[in-house]
Amino acid sequence: MPRHFKGDQAFDSESLYGTETEMPYSGTRSFMRRRLTRDLSGIDYAIMGIPFDLSVSGRPGARFGPEAIRRASSQLSWGDVWPWGFDPFDRLAVADTGDVSYRRGQPQDMLAKAHDQALAILKTGARLLTFGGDHSVTYPLLKAHAAIHGPLGIIQFDAHRDTAVSEHLDHGTFLHHAVKDGFVDPARSIQIGIRTHYTQDDAMTVLYRPWLRNRSATDLAAEIRRVIGGKPAYLSFDIDCFDPAFAPGTGTPVVDGLHPHEAIDCIRALALPNIVGMDVVEVSPPHDPAETTALLAASVALEHLCAMASLKPPRS
């Protein structure tokens with residue numbers, strides 16, 4: 001194709017690395033303008049979406065979350081990221097592999113296909129950054145990661161514990177099932193920002209909202225490190241951990257939530273090689289009129305990639 005026809009980085013980039021500046025209102029909205037491909041050769045991180053919201057207990061709409069996060073990320077794709085001072089894509093090869101496809105009205109189909117697609121990616125040696133979808137999508141992701149790494153610690157930013165006891169799998173019970181099925185080790189798991197009532201009868205460390213008020217992000221990161229130790233851990237970020245003043249676009253908003261700096265500063269401090277995967281879930285665009293929730297979700301994901309990129313030296 002003639003050079004003057006080029007300029008859409010998701011299709012035209014000649015390398016998996018680097019960032020080519022595009023206007024945020026044009027081009028294909030892959031996450032952070034990364035190449036759209038199912039070829040995982042040489043990939044450090046694969047982006048995957050799971051557009052599913054059939055298990056919500058509140059407002060629907062999270063099926064549109066992956067698309068919204070990708071679209072919002074075009075506002076962030078300018079190269080060097082503040083305050084890191086580098087472009088994470090100069091150090092990490094990241095590709096957007098698209099969404100999990102499933103038959104409407106068939107949640108079991110989603111669970112099976114999300115697991116199979118995640119496991120196939122992980123078997124190549126790439127890591128996964130996944131966008132939901134409601135929080136039930138984390139269950140097949142935990143299952144796939146546990147197949148590679150063994151039982152995982154979980155770092156969960158959330159307003160809800162999602163450990164309700166039920167024979168049914170949904171966005172409020174997925175962690176109960178993941179623990180029962182051996183994918184998550186509760187003794188190496190920590191939940192941050194919780195502000196709903198649960199009867200705690202498990203070994204997880206739960207940091208309710210008041211714990212965070214008089215402590216710094218450094219204190220929080222140190223507590224996370226203490227709990228998960230040096231073994232494999234999975235980071236699951238439910239956008240409703242934020243106060244709905246900052247993230248109104250979610251299905252089950254709860255007031256008195258985290259402010260952006262409380263979570264983002266902690267994510268920046270978690271440059272840990274044993275964080276083997278991440279998801280960002282519960283973004284519901286129909287309830288996000290100014291797209292601030294999607295932008296916050298994209299920013300959280302970008303900060304995690306920057307933290308992991310900081311572990312690698314710049315390419316020569």
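Buried, in this talk, means under 20% relative accessible area, with exposed over 50% and partly exposed in between, using a 1.4 Å probe and protein chains only. Helices (H or I, at least four residues) and strands (E, at least two) are DSSP runs, numbered from the N terminus.

This is a predicted model, where local features need pLDDT of at least 70 and side-chain atom pairs count only at pLDDT 80 or more, while totals for chains, interfaces and linings use all residues. Residues are numbered from 1 along each chain as its sequence is written, and side-chain values use heavy atoms, with hydrogens and water left out.

I'll start with strand β5. Five of its five residues are buried. G153, I155 and F157 point one way, I154 and Q156 the other way, and all are buried.

Now its partners; two strands pair if DSSP finds at least two bridges between them. With β8, residues 233-238, β5 pairs in the parallel sense over five bridges, and G153 has A233 as its bridge partner there.

Next, T173. This residue lies in the loop between β5 (153-157) and α5 (174-180). Is T173 buried or exposed? T173 is buried, at a relative accessible area of 4%. Beyond neighbours within four places in sequence, T173 is in contact (heavy atoms within 4.5 Å) with D162, A164, S166 and H168.
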